[in-house]
Structures are given as C-alpha cells and as structure tokens.
Amino acid sequence: MSVKNNDIFMRLIVFFDLPVIKKDDRRIAAKFRKELLNEGFIMIQFSVYCRVCRGYDIVEREIRRIKNVLPPKGNIRILSVTEKQYGNMLFLTGEPKNDEIIAAKQLLLF
C-alpha cells in the first residue's frame with residue numbers, strides 16, 4: 001500500500017529574526033507575524049511559528065505564501081518535518097520546580 005502525498009501530515013516551522021529597533025521595523029515585523037497567524041501558524045516560541053500541513057502540496061503552497069510577504073530586512077528560515085519527527089522534539093526548561101527537587105531528595109534517602 002503506497003502513501004499518497006496528501007496523506008502525510010507535516011509540520012512547517014518558521015524561524016525569523018527581524019529588526020525591531022526602529023518604529024517602521026517593528027510595524028513590519030508585527031505585520032509579518034500577523035500574516036503567519038492568518039495562515040494558521042501558532043507561536044511555539046518567540047520568533048518561531050508552526051503549522052500543521054496535510055501533504056507536501058500544502059507545504060509548498062505555504063512556502064510560496066510566506067515568500068510573498070517577506071519583510072525587506074532580517075532573515076527567515078523554514079523547516080518542514082513529519083508529524084513523527086515533530087513529536088520527537090525535546091522540550092527543555094530552566095530550573096526544576098520545587099516538587100521535582102523534593103522527589104529527587106526522597107529518592108536519595110532510600
């Protein structure tokens with residue numbers, strides 16, 4: 001059984017670094033973020049947005065749409081990964097919470 005192009009769920013991740021020092025630059029960056037939100041992207045981290053796409057055709061369509069709204073300054077990177085690859089992403093945070101420290105101390109007592 002073969003898998004059709006549109007049967008594969010992909011995640012399209014957009015990373016961007018745009019200037020925001022000048023008022024006009026902030027306006028342009030805000031407009032770009034708004035365009036991403038209008039296309040169904042969600043913010044997963046500052047300047048990192050993600051969207052689920054069903055198949056390569058939708059991925060290519062979204063890339064074309066992003067190219068049409070590129071800001072004149074800054075840089076943008078786009079990465080497409082399978083849903084399985086996205087699911088394997090590690091989520092790391094800073095300092096452990098108090099209950100994690102207590103659990104670790106209790107483990108040491110035994």
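The model is predicted, so local features need pLDDT of at least 70 and side-chain atom pairs count only at pLDDT 80 or more, while totals for chains, interfaces and linings use all residues. Residues are numbered from 1 along each chain as its sequence is written, and side-chain values use heavy atoms, with hydrogens and water left out.

**Overall fold**

- The chain contains four helices and four strands; helices (H or I, at least four residues) and strands (E, at least two) are DSSP runs, numbered from the N terminus.
- Along the sequence these elements follow the pattern β-α-β-β-α-β-α-α.
- The chain has 110 residues, and 22% of them count as buried. Buried means under 20% relative accessible area, exposed means over 50%, and partly exposed lies in between, with a 1.4 Å probe and protein chains only.

**The sheet**

- The four strands make an open sheet in the order β2-β3-β1-β4, with antiparallel pairing. Two strands pair if DSSP finds at least two bridges between them.
- Strands β2 and β4 stand at the edges with a single partner strand each, so one side of each has no neighbour in the sheet.
- On average, neighbouring strands of this sheet are turned by 30 degrees against each other, direction ignored. The axes behind this value are lines fitted to C-alpha atoms, for helices over the stretch in contact, and angles run from 0 to 180 degrees between N-to-C directions.
- In a regular strand, side chains alternate between the two faces of the sheet.

**Strand β3 and its partners**

- Strand β3 covers residues 48-54 and is mostly covered, with five of its seven residues buried.
- Strand β1 (residues 9-17) pairs with β3 in the antiparallel sense over seven bridges. In this pairing Leu12 stands opposite Arg51 in β3.
- Strand β2 (residues 42-45) is joined to β3 by three bridges, and the two run antiparallel. Here Gln45 stands opposite Val48 in β3.
- The hairpin of β2 and β3 has two residues between the strands, and Ser47 in this hairpin takes a positive phi near 65 degrees.

**The largest pocket**

- The largest pocket holds about 200 Å³ of space. A pocket is found on a 1 Å grid over the protein atoms alone, as an open set of points where a 1.4 Å probe fits, with protein on both sides within 12 Å along at least five of seven lines. Grid points are joined across faces, edges and corners, and a volume is the space filled by probe spheres set on the points.
- Its lining includes Ile13, Phe15, Ile44, Gln45, Val48 and Tyr86; lining residues have an atom within 4 Å of a point.
- Strands β1 and β2 are the elements that give two or more residues to this lining.
- The lining residues of the largest pocket divide into nine nonpolar, one polar and no charged. Nonpolar covers Ala, Val, Leu, Ile, Met, Phe, Trp, Tyr, Cys and Pro; charged covers Asp, Glu, Lys and Arg; the others, Gly among them, are polar.

**Salt bridges**

- The count comes to seven salt bridges, where a salt bridge is a side-chain nitrogen of Lys or Arg within 4 Å of a carboxyl oxygen of Asp or Glu.
- Lys73 forms a salt bridge with Asp25, and their closest N and O atoms are 3.5 Å apart. This pair links distant parts of the chain, 48 residues apart: Lys73 is in the loop between α2 (56-68) and β4 (75-82), and Asp25 is in helix α1 (residues 23-38).
- Lys73 is partly exposed at 43%, whereas Asp25 is buried at 11% relative accessibility.
- Arg65 forms a salt bridge with Glu39, with the closest N and O atoms 2.9 Å apart. Arg65 is in helix α2 and Glu39 in the loop between α1 and β2, 26 residues apart.
- Both partners are partly exposed, Arg65 at 36% and Glu39 at 23%.
- Arg65 also forms a salt bridge with Glu62, where the closest N and O atoms are 3.6 Å apart. Arg65 and Glu62 are three residues apart in helix α2, so about one helical turn separates them.
- Glu62 is buried, at 0% relative accessibility.
- Salt bridges link Glu39, Arg51, Arg61, Glu62 and Arg65 in a network.
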